Amino acid sequence: MKNYPGIQMGHHLITHLEEMRRRVVSPDALPAEIIFLDTPSFDDLKKIVKFLGVNEVLVEDIQIAITNAKTRYSYETLVNFTGVNLRLKFYNSAHLPIRSTAAIQPVFKLAFWLSDEAPGSGEFETIALRLQSEGGILFFINTSENQFLKTSGELKVLPTSYKNMPESIEVLLASKGITSMLPIFYGARLLQGLEKISDAFYQYVVQQEKDIKTKKFNAQQDINQVKQDEQLNFRELYQGIKKNLQRDFSEFERGVNDAVIKMNQSRQENSLMYKVSTEIDEIATLEEQVIAGKLKMSLPEEKLTHVSQMIATGIRNQMDQDVFSLKEFLNQEIEDCKKKLEQYHIEFSYSPNIQFNLSRVEANIVEYNQFVQRYETDKKNLETGDYIRAALKPFMTVFSLMMILRFVPSLRKSVGEYIPYIGLALAPFAIYTFYKFLKHTKEQKELDYKNELNRMRDTLYKESKSIVKKLGDEWLRELVSTLRDELNEFIGELEHTFSVASDEHKTKIQDSQRAVQRRIQGLEQRDRAHQSTLKGKDSFDKLLAQFKGELIQQYHETISKL
């Protein structure tokens, strides 16, 4: 067992086996146990201590030990008499220990029940089962008339009256003829300890077999992996990754192109031209100014400035968004490439070096983002004379008629006396004509105002769209140029990585083959040692079973005579 691989890994079987050997080669005091089924009084405990041959000054220590859970299993003392040394351990019924592979069961036990009445039905069922499972000899010293602990199976119960208890344990053992039998009992207990170690060792053997089987399976997996690596074609792998990279970069380029096109679509919500168009549509008034008798109408300067700023801000926002997307795209491509190459044990690293000529793009924004169209018009402004002429027009008509009548005598005689009345009749007509003139003038002015406003807004929209398209095209050229440069550098680094990996691949394959072969050889050697150990263990178990059969037969014959 000492040569078995890994036997010391937490199982302590060798330590237990050495402890068994030590007790056989140089016998120590024989183990015995004192069990209190109920709590004894101080006077009863003094009597029992005197009966056991223990120093009476230890009575208080024993009383504390059997009542305090913290000190259970720890109190023991040595007693000796003619030809026998005993190691006594004290427990109460609740503190009986669980036997491990290292524990040697006692050669006998003394159980005390000091109450005059027997316990109720089932009260000591658990402790009785424990005593029966451990077997051996039990001296049951009882004060009640009911002997509720009885012989069962391999447990031999020897009842003794507490009132008629001998003066010492030596007398008790001698009266039953047990003193000379103690070595046989002790040998049987040693054999039980060896059987426990043997059973525990079989559990460890099963674990070792599982471990060997698992490691053989893992080694076979590594062999399959090495064979798979041998068939790896680096050229095909490189071409496949390169093709995927080119496809992904093309998709990204198509995506940024669509984003720039979307920016110039006025009907697409959240696009730049949609926001600019909305801003232009909100222009509802023109600035008016009379200069040298002419009416000058123009778009508000602050509106033109605001639209220009919107275009510049929208272009810059699109640039920032595209730069961020490009960085995320490159990082994702690098990570995917790393994961792909890790499957083939190839290390890959690449740091993107994104460089944009932003100064040139900013210069283009300043150059192109200028409105060169004429967003003003001159109109003739009506003066006072125009209104006077409109008001006197009917009277001028009458005056003209009178001038004609003056040169035609016949008509002058027939209508001359009616001329004042004709003038009075023409006065309301003159007023109505003047009113119509004012109304027509106002309507014409409003119509001209609206037409000029629509014309200027339409012109501003077209010029803004042209500016956005120019700036978008300029940015797209810069972005595509940078994207393609990054693709070329990425593929160049990837090609260098495959060149180095191809040279190292043969060496790695050879090293892996040798490492796997060494592992297989080590596992085979370990398996052979394991099988050899099992054969020795089988021989040991056969001899142990044969010796145990003889000793147990003698043990039972001795027990039956008690």
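Okay, let's start in helix α7 (residues 234-263), where E251 and R254 are three residues apart, so about one helical turn separates them. Helices here are DSSP runs of H or I with at least four residues, strands are E runs of at least two, and both are numbered from the N terminus. The side chains of E251 and R254 meet in a salt bridge, 3.0 Å from N to O. By salt bridge I mean a side-chain nitrogen of Lys or Arg within 4 Å of a carboxyl oxygen of Asp or Glu.

Quick housekeeping. This is a predicted model, so local features need pLDDT of at least 70 and side-chain atom pairs count only at pLDDT 80 or more, while totals for chains, interfaces and linings use all residues. Residues are numbered from 1 along each chain as its sequence is written, and side-chain values use heavy atoms, with hydrogens and water left out.

Back to that pair. E251 is partly exposed at 47% relative accessible area, and R254 is partly exposed too, at 45%. The cut-offs: buried is under 20% relative accessible area, exposed is over 50%, partly exposed is in between, with a 1.4 Å probe and protein chains only.

The whole structure has 14 salt bridges. Another one within a helix is D473 with K469, closest N and O atoms 3.1 Å apart; these two sit four residues apart in α13, again about one helical turn.

Now, which parts of the chain does the R360 and E478 pair link? The side chains meet at 2.6 Å, N to O, and the pair links distant parts of the chain: R360 is in α10 (residues 358-368) and E478 in α13 (residues 419-560), 118 residues apart. R360 is partly exposed at 34%, whereas E478 is buried at 9%. Both belong to a salt-bridge network that also has E474 and R477 in it.

A nonpolar core here is a set of buried Ala, Val, Leu, Ile, Met, Phe, Trp, Tyr and Cys residues joined through side-chain atoms within 4.5 Å. The largest one has 56 residues, and L341, L494 and F498 touch the most other members. At least two residues each come from α7, α8 (272-281), α9 (301-342), α10 and α13, with α13 giving the largest share, 18 residues. Leaving out residues up to four places away in sequence, L341 touches L237, I241, I346, F348, L494 and F498, where contact means heavy atoms within 4.5 Å. There's also a second, separate core of 51 residues, including F81, V84, F108 and L158.

Last topic, rings. We get 10 aromatic pairs. Rings of Phe, Tyr and Trp (its six-membered ring) pair if their centres lie within 6.5 Å; planes under 30 degrees apart are stacked, over 60 edge-to-face, the rest tilted. F140 and F148 have centres 5.1 Å apart and planes at 70°, so that's edge-to-face. F140 is buried at 0%, but F148 is partly exposed at 22%.

Y350 is in the loop between α9 and α10 and F490 is in α13, so the pair ties together parts 140 residues apart in sequence. Both are buried.

That's the tour, happy to take questions.
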